[in-house]
Amino acid sequence: MQTQLAPQYKRTAEGEEAEAILRKCVHCGFCTATCPTYQLLGDELDGPRGRIYLIKQVLEGHEPTRKTQQHLDRCLTCRNCESTCPSGVQYGKLLDIGRHIVDEQVARPLGERSKRAALRAGLTSKAFAPAMALGRIVKPLLPAGLQEKLASAPKPGAWPSREHPRKVLMLAGCVQPAMMPGINTATARVLDAAGIQTIVAQAATCCGAVKQHLSDPEGALAQAKANIDAWWPYVARKEVEAIVMNASGCGVMVKDYGHLLRHDADYAERAATIAGLTRDLSELLPDLLPRLVPQLQGKLRIPDAPLAYHPPCTLQHGQQLRGGVEAALRSLGFDIRVARTESHLCCGSAGTYSVLQPELSHQLRDRKLHALDDACGDTKPAAILSANIGCISHLQAASGVPVRHWIEVLDDALLPSET
């Protein structure tokens, strides 16, 4: 796509990156067919191709409007379009640039500014855990939109105490320890059973995705640098073999550190190393299963009903990892079902999207739950599994069956058999 940058964007990092991305687009429209918001709204400007045109116009000097901002806001950043695009257009990166530029020029209403500021600061704050605990106490007094985010967290169980020669770092996450702490302890226990010790660097912070997608790239880079500083001593001493992410939304962000900090002389090399060491938890499965199977022989507790599986967008589109979880669990004998026609579509969680765009988000959630239920036929699933805290909490708010991280199923299987 031919692009003539306006003078203010020429020779800037954002402008040059955006132009390179735009030039790959041949406006074929394949992306439109797999865009969740286009399917709901039927508006060209609420699909990837239309949003690309809007961003292109802004970069060429056209003044953005509130309508421009709203169309960009309604994008889930699910990156389904990237999986569909035959030209390799990095739409997610272009959207982050476009949103940032537009937000610098178009003032938001006070209510929107306040909500977005609260999300940027609150979700990544150390005050989140006590605020979550307080919210659960006063839950009946809160608006319905907040109540659905405050499901009680089951007790996480004990963290393993054994040491192993093999070690990995794990990002605990900003909201996961308060919302669903069992995911982290389940991860540590499964890795421990496979002879791998899990280390959490206490100085590590949010991965940066919240700020990155809410038009605060500088804040996101600050969090990325803090994580690199927290992890680097372990990496430099070669004490760890990987940095493990059990939230696919965090994984896709950390794997992008090398790109985000490529122009930073102090961090570029370390950022690239950190990104190269980062693994989604599912990427460890080929190594884990042979170590775990002997321990599972004869005591694997498989539910009578199938398990429905929702692969998060950040896993299948952001990281381009597909099929690994399903294949691993099926190899152990679990009946794993995926939506027949809609497994590629977003559930509507999309980070902070479910808070900022609740109407669209709930439509997508209802559609996803219906598809998962349909995948199980006449049998009610024993649980819905996923691989990202946002998807899990979002689906659980409207689901009549438990929604869990797949690692928790493996953890349950390793528990002593009940007698």
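**Strands.** I began with β1 (residues 166-170) and β2 (residues 196-199) in this predicted model, and found them paired in the parallel sense over four bridges. I take two strands as paired if DSSP finds at least two bridges between them. Helices (H or I, at least four residues) and strands (E, at least two) are DSSP runs, numbered from the N terminus. Across this pair, K167 stands opposite Q197 in β2. I then saw that β1 also pairs with β3 (residues 243-245), again in the parallel sense, over two bridges. There, M170 stands opposite V244 in β3.

**Ground rules.** Residues are numbered from 1 along each chain as its sequence is written. As the model is predicted, local features need pLDDT of at least 70, side-chain atom pairs count only at pLDDT 80 or more, and totals for chains, interfaces and linings use all residues, while side-chain values use heavy atoms, with hydrogens and water left out.

**Whole chain.** I looked up the totals next: the protein chain has 23 helices and eight strands. Its radius of gyration (over C-alpha atoms) is 21 Å, close to the 22 Å that the globule rule gives for 419 residues, so the chain is as compact as a globular protein of that length. The globule rule is 2.2 Å times the number of residues to the power 0.38. The C-alpha atoms fill a box of roughly 70 × 55 × 45 Å along the principal axes. Buried residues (under 20% relative accessible area, 1.4 Å probe, protein chains only) make up 52% of the 419. Of the contacts (heavy atoms within 4.5 Å) with a separation of 6 or more, 75% join residues 24 or more positions apart.

Conventions:
Buried means under 20% relative accessible area, exposed over 50%, partly exposed in between (1.4 Å probe, protein chains only).
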